[in-house]
Amino acid sequence: MQLYNTLTHKKEAFIPLTEGKVNMYVCGITAYDLCHIGHARSAVVFDVLVRYLRSTGLEVLFARNFTDVDDKIIKRANEEGLSSKEVAEKYIQTFYEDMDSLNVLRADIEPKCTEHIDDMIAMCENLIAKGKAYSTESGDVYFRVREFKDYGKLSGRDVNDMRSGARIAPGDEKEDPLDFALWKGAKPGEPSWESPWGPGRPGWHIECSAMSHRHMPLPLDIHGGGLDLIFPHHENEIAQSEAATEKEMARYWVHNGFVQIDSEKMSKSLGNFKTIRDILESYLPEVLRFFLLTKHYRSPIDFSFIAMDEAEKSIKRIYETKLAVLNELNKSKWSKSALPEDITNEYKEQSAAFDAAMADDMNTAGATGHIFSLVRLMNRVIEDKAMRKSEGAKALFESFIADFIKWSEVLGLFALAPETFLQDLKLKRATRKNISIDAIEKLMTQRLEARKNKDFEAADTIREKLTELGVDVRDTPSGPVWDVI
């Protein structure tokens, strides 16, 4: 596999430090609010990376943390009249609910900040002893950025060009504006823990360094997160971890791109902030997951309802083709003939191209494109009466269904029975367009009765009413079926 490494700014062959095993750590959420679509993208991207690595036979140990004490959590606790712990537990639970709906696998290790305070204090003591950090009279501990000669190697920033508050304000206890907090002295009304510097709580950056070091040997094979974490969070992680342990923190740094809303940066102040739950009111979770995988993980992705509608149409076509292939395989008689060689060769090429796309820096956009090529090929065979009845077609259909299992395992998509997905999709689209299911079913029953009574004028009138509602009716050998236009 080729994997883009933010540290080296290029794609590299991914070779685990220990043969056959991968240690992977991804920064998780700060548990103070409902998860938004940016959280969904990061979670889905790294879920697919774990799935893909495992599909190649690698043993992956995957850790994703929860920040459960933080300024934002404390602020939300004060607003809701709860403790910080209660707020964190509440939003960790909503995280699980959202991610379960998106078919995101649970991490093998899910450390919480408050469960690793001793590890963070020990790392602070280590850094102070080495002269890489210092404590202040107010109980804060800061990391000396200029004492780490490689600071900026991940983000490509020059420490001499950086600014952090420009100047040290009078009374500020920092030695240098660039220094960052490892430990914060307690403030009234905030949660705190005893430390050698008095009561306080950890700074944000030290959490992942201490927790990853606790659960996995360094260097990590992969450390990941959103593009926004490169600086300062991951840069600071590298500095404190490597200064403390004198080991490389991670060999491959992997970052997913931003999510935009209608071509604008997502922001609460702009009123375009979309939680996962906002989106799932109108769309099935699998449609959202599919949409998030239609762009390369390092590229920005532009969320819009138009784009979601297109993703919905696409995944619907894939499931419809799966259903059509399964229906063909239910036939008992096949003619003893082969398919044209160009058909079987095209199938082999596109199936192999899916694997090649995934091996090329997890190119899910390319991989889903090859799935569509196979969908088109299957429909060509089904539409040709001579080809679809052949034993060659049967073998091709069986390969297609076998590939569905592989795609499901790797992408976390297409695992539902097609009848189930298509029914759920129909109902969700009806709800989104405010079309009453009861009204549809009532009109469908009336139309069926009219047709039985050979009152075709009445049946056509009812069909027109359904069309006006936004419902398409199709008469099939097994009876009439409806769908939302």
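Leaving out residues up to four places away in sequence, Leu 411 touches Val 48, Arg 51, Arg 289, Leu 293, Phe 354, Met 358, Thr 364, Thr 368 and Ile 371, where contact means heavy atoms within 4.5 Å. The model is predicted, so local features need pLDDT of at least 70 and side-chain atom pairs count only at pLDDT 80 or more, while totals for chains, interfaces and linings use all residues. Residues are numbered from 1 along each chain as its sequence is written, and side-chain values use heavy atoms, with hydrogens and water left out.

Leu 411 belongs to the largest nonpolar core, which has 95 residues. A nonpolar core is a set of buried Ala, Val, Leu, Ile, Met, Phe, Trp, Tyr and Cys residues joined through side-chain atoms within 4.5 Å; buried means under 20% relative accessible area, exposed over 50%, and partly exposed in between, with a 1.4 Å probe and protein chains only. Besides Leu 411, the members that touch the most others are Ile 37, Ile 222, Leu 288, Phe 400 and Phe 414. Helix H1 gives this core its largest share, eleven residues. Helices (H or I, at least four residues) and strands (E, at least two) are DSSP runs, numbered from the N terminus. A second, separate core has 43 residues, including Cys 113, Cys 124, Val 141 and Leu 218.

Leu 411 is also the end of helix H13, which covers residues 391-411. From first C-alpha to last, the 21 residues of H13 reach 30 Å, close to the 30 Å expected at 1.5 Å a residue; the expected span is 1.5 Å times one less than the number of residues. Among the buried residues of H13 are Leu 396, Phe 400, Phe 404, Trp 407 and Leu 411. The buried residues of H13 pack against H1, helix H8 (285-292), H9, helix H10 (341-359), helix H11 (364-383) and helix H12 (385-388). Just after H13, Gly 412 takes a positive phi of about 70°.

Ile 315 lies in helix H9 and counts as buried because its relative accessibility is 0%. Apart from residues up to four places away in sequence, Ile 315 touches Glu 286, Val 287, Phe 290, Phe 414 and Phe 421. Ile 315 and Phe 372 are 57 residues apart in sequence, and their C-alpha atoms are 9.6 Å apart in space. In helix H11 lies Asn 379, which counts as buried because its relative accessibility is 13%. Leaving aside neighbours within four places in sequence, Asn 379 is in contact with Arg 317 and Thr 321.

After H3 comes Asn 103, with a positive phi near 65°.

The next topic is open space. On a 1 Å grid over the protein atoms alone, a pocket is an open set of points where a 1.4 Å probe fits, with protein on both sides within 12 Å along at least five of seven lines, and lining residues have an atom within 4 Å of a point. Grid points are joined across faces, edges and corners, and a volume is the space filled by probe spheres set on the points. The largest pocket holds about 1,200 Å³. It is lined by 44 residues, and His 36, Gly 38, His 39, Asp 228 and Leu 229 are the closest to its centre. H1 gives the most to this lining, six residues.

The second largest pocket holds about 670 Å³. Of its 21 lining residues, Glu 320, Leu 323, Leu 422, Arg 474 and Val 481 lie nearest the centre. H9 provides the largest share of this lining, seven residues.

Some backbone details remain. The peptide bond between Leu 218 and Pro 219 is cis, with omega about 0°, and Pro 219 is in the loop between H5 and S9. Another cis bond runs from Phe 231 to Pro 232, with omega near 5°; Pro 232 is in helix H6. Ser 263 is not a glycine, yet has a positive phi of about 70°, and counts as exposed because its relative accessible area is 53%.
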